[in-house]
Amino acid sequence: MTVLSHTHPLVRQLENDLLPLFRAALPPLAAAAPQVLASVFAFSSGTASAFQDYHFGISCLLADVSEDAPEEVALLVSVTDLDAGARLSAQVAWGQPSGLVELQAELPAGDLQSLHAALPGLLASLQQAAGRGRPGI
């Protein structure tokens, strides 16, 4: 359990569902993209309070990239607006300066089934992007 576990029931559910799944995805990711340093993360953010929004994911840091290329690609699952219906979003995106989104899942508000259905495609997209080592064209 992380520090996030004492909060909203949806956040607890996401934490319990996603973090073990993401940790299990690290060995296949490392095998497919050995040049990448991958790690699982979870954190909260927000302007009204420190625990307004929650983010879970896998960050892949690439070594030896040029100065004008992104050094990170990540799978990010976020839950926002917990007080107003809990919006879920999930995407695989590159860091700056690219900011390119490789894949974004369309998720109805608070619909965990849709998120779970989208996760295999998101994980595959992350693995492909990390293996490629640069944003797709």
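The model is predicted, so local features need pLDDT of at least 70 and side-chain atom pairs count only at pLDDT 80 or more, while totals for chains, interfaces and linings use all residues. Residues are numbered from 1 along each chain as its sequence is written, and side-chain values use heavy atoms, with hydrogens and water left out.

**Overall arrangement**

- Read from the N terminus, the order of elements is α-β-β-β-β-β-α.
- Of the contacts (heavy atoms within 4.5 Å) between residues at least 6 apart in sequence, 49% join residues at least 24 apart.

**Packing of H1 and H2**

- Helix H1 (residues 9-32) packs with helix H2 (residues 112-132) at an angle of about 25°, and their axes are 11 Å apart; the axes are lines fitted to C-alpha atoms over the stretch in contact, and angles run from 0 to 180 degrees between N-to-C directions.
- H1 and H2 are therefore roughly parallel to each other, a term for angles under 35 degrees.
- The residues that make the contact include Leu10, Leu14, Leu18 and Phe22 of H1 and Leu115, Leu119, Leu123 and Leu126 of H2.
- The residues of this contact divide into 15 nonpolar, four polar and one charged; Ala, Val, Leu, Ile, Met, Phe, Trp, Tyr, Cys and Pro count as nonpolar, Asp, Glu, Lys and Arg as charged, and the others, Gly among them, as polar.

**Ser59 in strand S2**

- Ser59 lies in strand S2 (residues 53-62) and counts as buried, at 9% relative accessibility.
- Its side chain makes a polar contact of 2.4 Å with the side chain of Glu72; such a contact is a pair of N or O atoms within 3.5 Å, and within protein one must be able to donate a hydrogen and the other to accept it, with residues adjacent in sequence counting only if both atoms are side-chain atoms.
- Not counting residues up to four places away in sequence, Ser59 touches Glu72, Val73 and Ala74, as well as Leu37, Ala38, Ser39 and Phe41.

**Gln91 in strand S4**

- Gln91 belongs to strand S4 (residues 87-94) and is partly exposed, with a relative accessible area of 22%; partly exposed lies between buried and exposed, the latter being over 50%.
- Beyond its neighbours within four places in sequence, Gln91 is in contact with residues including Ala74, Leu76, Val101 and Leu122.
- Gln91 and Ala118 are 27 residues apart in sequence and 9.7 Å apart in space, C-alpha to C-alpha.

Notes:
Helix = DSSP H or I, 4+ residues; strand = E, 2+ residues; numbered from the N terminus. Buried < 20%, exposed > 50% of the residue type's maximum accessible area, 1.4 Å probe, protein only. Parallel < 35°, antiparallel > 145°, perpendicular 65-115°, else oblique.
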